[in-house]
Every structure is written in structure tokens, then in C-alpha cells.
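Subject: Structure handover

Hello,

Here is the structure we spoke about, with its sequence.

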Amino acid sequence: MIVVFVFILGLFVGSFLNVVIYRLHRQESFVKGFSKCLFCGHRLYTKDLVPLFSYFYLKGKCRYCRHRFSHQYPLVELATAFSLSLIFITISPSFDFYALQPGNLLQLLSWWVITSFLIVIFVYDLKYYLILDIVIFPIILFSLVANIFLGYNVGELLLAAIIGGGFFGLQFILSKGRWIGGGDIRLGFLMGIILGWPHIFTALFIAYIIGSLVSIFLLIADKKKWGDKIPFGTFLTLATFITLLYGDRLIDWYLSLFI
Ligand SMILES: [Zn+2]
């Protein structure tokens with residue numbers, strides 16, 4: 001079935017995203033050079049790099065030095081595979097790739113690209129508390145062009161972007177940069193470009209709900225102390241993905257509570 005192929009494609013995309021995240025951090029090129037073990041430096045071959053399969057076959061360890069690899073690798077591969085499959089199922093409920101209209105196909109591809117970038121931002125912010133310009137600027141440009149082709153109104157997209165960026169810009173100014181970083185401002189701008197008006201509000205709302213729940217959990221579980229740094233970009237990217245797929249349905253559901 002085609003969903004299985006999409007899932008496997010997602011595993012490979014996720015595997016590539018892991019390489020991107022790793023090499024962005026080490027400031028290496030992610031198109032040149034071969035993969036090496038982080039610990040022993042041994043070259044990793046195709047058989048060591050099959051997404052998910054190699055990790056479980058080798059029990060999460062390097063074949064050459066037996067050092068344990070991070071859980072990040074299989075988790076990012078699985079998360080990417082699930083996300084890309086979910087997008088495919090949402091856009092093509094009949095699971096029929098060939099029945100897709102050109103507009104739907106463009107939407108599918110653009111959501112796949114956007115989501116891949118969101119996953120990189122999510123993991124990078126979670127690991128390093130940083131949102132890189134080299135990641136965010138290309139995807140702002142891509143999303144803008146894709147959404148214009150998909151028939152969005154440019155003015156509304158920019159308005160949503162200014163609301164998203166301004167929301168964090170204001171907090172940045174008020175807190176003199178203590179609550180949030182400049183990366184969050186650019187991420188807010190990106191959210192507006194991806195989601196447009198009025199879903200920028202939906203996403204911000206969802207981000208704060210997720211952020212509060214996770215923070216409460218971390219405080220109770222003693223993983224964080226009051227006032228500790230929280231990688232807010234992770235909540236924002238997750239909320240953007242949820243809103244992208246289910247924004248309309250969530251708003252309908254929310255409004256139905258009051259009518
Ligand atoms: Zn090794």
C-alpha cells in the first residue's frame with residue numbers, strides 16, 4: 001500500500017534530517033563527505049545507516065566500537081515517517097497518489113518540506129536551545145512562495161507573519177531578551193507565513209497550552225526548576241504542525257463548545 005511507501009520514504013528523510021542536525025551543529029557540509037561514528041571515527045557504511053533497521057539490528061550501538069548511539073536517531077526517523085504519512089493521509093484520504101489534483105500535489109510536497117524543516121528546528125532547539133538563521137530564512141522564503149502558488153493572499157500572509165513575529169518581538173523588548181531569544185521572533189514570523197490569517201492565533205494558543213502542560217509536568221517530575229530555560233521553539237514548531245493539519249477542525253470543535 002502506498003502509505004507504507006510514504007512511511008519508508010519518511011524514515012529515509014528522517015535519517016537525512018539527523019545528518020543535517022548533526023552537521024549544522026558541527027558546521028560541516030551536509031551534502032559532502034561520508035558518515036562517521038561520533039566516538040571512534042570509523043566510517044559508517046550503507047549497512048550501518050539503514051534507517052531504523054540498523055539501529056535495532058545493532059542494538060543502538062556502533063558496529064565498530066560498541067559505543068551507544070543517541071535515541072535521537074531512531075526517534076527522529078520515526079517522527080518524520082509518522083508526520084509525512086499523516087500529511088499524506090490528510091491531503092489524500094483515499095490513499096490514492098494518482099488521484100491527487102495538481103494543487104493537492106503541490107500542497108503535499110510543500111507540507112512535506114515545511115514539516116521536515118520544522119522537525120530540524122524542533123530537535124535543534126530541544127538539544128541546543130537555538131534556532132538557526134540558516135534554517136529559518138530558507139523555509140520562510142519557501143513557504144511564502146509555496147503559499148502564493150497555493151492561492152493565499154500575500155497581504156494576509158505578511159499580516160499573520162507580522163503578528164507572529166511582533167508577538168515575540170514585544171516580549172523580547174519587554175523582557176530585554178530574558179524570556180525569549182531572537183530566534184523565537186523569526187520563528188513567529190515563519191509561523192505566520194506558513195499558517196496565514198487567522199491560524200497564526202490558533203497555533204500560538206496551542207503552543208501555550210502544550211508549553212504549560214509540559215512545563216507543569218517537568219516541574220512536578222523535578223526535571224526543571226521554576227525559572228529554568230525552556231526551549232519554546234519546540235512547542236511552537238509542534239503547534240505549527242498540528243495547526244497546519246487540523247487548524248480548521250480544531251477551530252470548529254472549539255466554537256462548537258459554545259454554541
Ligand atoms: Zn564507533
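Predicted model: local features only at pLDDT ≥ 70, side-chain atom pairs only at ≥ 80, totals over all residues.

The crossing of α4 past α5 is left-handed. On the α4 side, the contact is made by Leu106, Ser110, Val113, Ile114, Phe117, Val120 and Ile121. On the α5 side, the residues are Val135, Ile139, Phe142, Ser143, Ala146 and Phe149. Sorted by class, the contact of α4 with α5 has 11 nonpolar residues, two polar ones and no charged ones.

The second pair is helix α7 (residues 182–195) and helix α8 (residues 199–220). Their axes come within 8 Å and cross at roughly 130°. That makes α7 and α8 oblique to each other. Here α7 passes α8 in a right-handed crossing. From α7, the contact uses Met191, Gly192 and Leu195, and from α8 it uses His199, Ile200 and Ala203. By class, the contact of α7 with α8 consists of four nonpolar and two polar residues, with no charged residues.

When you open the model, you could start with these two contacts. Which residues of α7 make the contact with α8? They are Met191, Gly192 and Leu195.

Regards

How values were computed:
Residues numbered from 1 in each chain as written. Left-handed = near helix turned anticlockwise from the far one by under 90°. Helix = DSSP H or I, 4+ residues; strand = E, 2+ residues; numbered from the N terminus. Contact = placed C-beta atoms within 7 Å. Nonpolar A, V, L, I, M, F, W, Y, C, P; charged D, E, K, R; others polar. Axes fitted to C-alpha atoms, helices over the stretch in contact; angles between N-to-C directions. Parallel < 35°, antiparallel > 145°, perpendicular 65-115°, else oblique.
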